[in-house]
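Please look over the sequence and the 3D structure below. A short briefing follows, grouped by topic.

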Amino acid sequence: MMGGHARPTPLPGAGPATFVDIHNLTKSYPEQRTWREILRHPFREQWIPALRQVSLDIVRGEFFGLLGPNGAGKTTLFKVLSTLVTPDSGSVRVGGMDIVRDGARLRRIVSPVIADERSLLWRLSARENLNLYAALHGYGGSARTRRVAQLLDLVGLDEAREKMVGQFSSGMKQRLLIARALLPGPQLLLLDEPTRSLDPVTAERFRLFLRQDIADTEGCTVLLATHNAEEALELCTRVAVLDRGRVRAVGTPNALALHVAQERFHLHTSTPGAQAFEDLVERGLARSVRRLSGAGVDGAWPVLEIEIPGGDRRCAEVLTFLNQQGVVVARLERFRPSLAQVIEHVVTHGPPPTAAPLPPLRERDP
Amino acid sequence: MRAILAFFRANWLTAASYRLDLIISLGSLAVAAIPLYFVAGALQPLMAESIETEGGQYFGFVLVGLVTYSYLGVAVNSIANGLARSIGSGTIEAFLVAPAPLRTILAGFASYELVWTTLRSVVFVGVGVFLGARFAPAGLPSALVILALTLLAYVPLGLMAAAMVMAFRTTGPFPKIVFAASALLGGVYYPTTVIPSWIESVSSVVPLTYGLRAIRRTLLDGWSLGAVGHDVLVLVVMGALLFALAIPVFLAALHYARRRGTLAHP
């Protein structure tokens, strides 16, 4: 990405690899009180923690995902990194710069995609919108014109550049918001569900653009909050699962998924009610067997979810036993959890034990 | 400066996109000077003596008073209104995450209002001159300097109003109190010498009192800047004191909003 101004030199202190260093970050917000509560206890204000002792190390150039249910603290973390919110305690350093002390310098290298469409000036054209923000980022004259044209082209809005933003579709506005965030040529890009308003084709193209142009070519570090499993698996080198302000797990998306799926298998059979399945549990070959609702429609065989502890050897024993009992099995495959299931599992059962990075899920056939 | 100009351009393009509103606003202003001319003519015999040292002509006197008063709106309201609009429309986050200094963003909020008020003032004074208002052209540069100082003396009050928007999402009655006190005690419609002595002493803490008197003496009577030096000095001191008070208040409100996470909450 071209920049209109020199990037600040990072302060000494941070390691060469760690780009975002979050240490014991805590942030609380005051609780919204009713009139009655205010009148009864005018000076007793309750503060609700949004982030509790969050610590994360994000490597320069890394594509890092933030996952978690609503209210987990993802947006608060983004606001702290954008200097919109002051942390209560802990430290945050980006490129060696402290988020509180070096806020002005930090805003030159950190850029959030503010996903609210209302943050655009709807009576102005796309070009005029970017012109205003380019000026706030220090671009002037022909450099501003070039930069704006380059970004409009990049996000595919070149032909609509003179159209009033109020007449844009939701997806077009989203692309303009992304172009605006890219104006400074950021070293850290904060993306909060960036593809939620994009059609599948544009979303896929945008993910490719993020991966190739932003992360690989520019070496830009990206922090991505998403609920989209495909997005997290495709883009993120590591993800953190946040829940009620705490980091519950950090690892590669595949490692987290594997942890959730490690003992759970889907078995496709024509006789899901066979006694053999109860025998499996009684003999200790399987921990549990349950029929999945909704499976087996349209002529496909019913599916059972079986918990099989003990890895491949035990799976082979299960298959041999079922074969001996005359149960016909079409397929036994490892359960592939959705991102929501991964988050739910981590939130409910806690983080997985530390494990070495695993190959992508799609390369590991059961 | 380029960021302030960019704000102005964006606001101008937005306003210009509502064409009919723009035309009506300018047109009505031209018409507004006409009734003022007749009212001023009727009051001239009553006011002549009390405004003897400030031009002597009541139409010019009140024209200058109203134009200067309109700039108070820029100083006191434009930053707070710009901030409130930006919070309401959701643009504030995008502005604040840019590396431009906060003072530039606030000046950007006020830039369009300042130019628009100037344009309106030119139209208003132009119609006034056409109807017979008398000015001393030689005093114009001094009058413009004093107008700028008057505006600057009121900017801290605007910052305090903006601080209230930042912290509490409302200015409360604060701007209305400033406007009412300035209009009643600052000499917009009559010289401060005609008000009862006990209230006149209160008017001595209103910056507009000094600003307006000095502007009228230079623009309507042709006094030099040195001749109104006392008023200018008081204006500068008041402005400096108010800035010294308003800047910490504004920064405290900013800190309060960042701490509570309400900076961009509508």
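**Briefing**

Chain B has ten helices and zero strands (helices are DSSP runs of H or I with at least four residues, strands runs of E with at least two, numbered from the N terminus). The radius of gyration of chain B is 19 Å, close to the 18 Å that the globule rule gives for 266 residues, so chain B is as compact as a globular protein of that length (the radius is taken over C-alpha atoms; the rule is 2.2 Å times the number of residues to the power 0.38).

This is a predicted model, in which local features need pLDDT of at least 70, side-chain atom pairs count only at pLDDT 80 or more, and totals for chains, interfaces and linings use all residues. Residues are numbered from 1 along each chain as its sequence is written, while chains are lettered from A and ligands numbered from 1 in the order in which they are written.

**Chain B**
- Along the principal axes, its C-alpha atoms fill a box of roughly 60 × 45 × 30 Å.
- Of the 266 residues in chain B, 46% are buried (20 or more other C-beta atoms within 10 Å of the residue's own, with C-beta atoms placed from the backbone).

**Confidence in chain A**
- Chain A averages a pLDDT of 82, and 89% of the residues score at least 70 (pLDDT is the predictor's confidence in each residue, from 0 to 100).
- Confidence is lowest in helix 12 (residues 339-349) of chain A, at a mean of 73, and highest in strand 4 (residues 89-94) of chain A, at 94.
- pLDDT stays under 50 over residues 1-16 of chain A and over residues 355-366 of chain A.

**Cores**
- The largest nonpolar core holds 165 residues; Val94(A), Leu176(A), Val222(A), Leu224(A) and Ala162(B) touch the most other members (a core is a set of buried Ala, Val, Leu, Ile, Met, Phe, Trp, Tyr and Cys residues joined through C-beta atoms within 7 Å).
- Helix 3 (residues 58-89) of chain B gives the most to this core, with 18 residues.
- A second, separate core of eleven residues includes Phe265(A) and Leu322(A).

**Sheet in chain A**
- Six strands form an open sheet in the order 6-7-8-3-9-10 (chain A), with mixed pairing (two strands pair if DSSP finds at least two bridges between them).
- Strand 6 (110-113) and strand 10 (246-251) of chain A are the edge strands, each pairing on one side only.
- Strand 9 (residues 238-243) and strand 10 of chain A run antiparallel, joined by five bridges.
- Leu242(A) stands opposite Val247(A) in strand 10 of chain A.

Key:
Buried ≥ 20, exposed ≤ 12 C-beta atoms within 10 Å, placed from the backbone. Contact = placed C-beta atoms within 7 Å.
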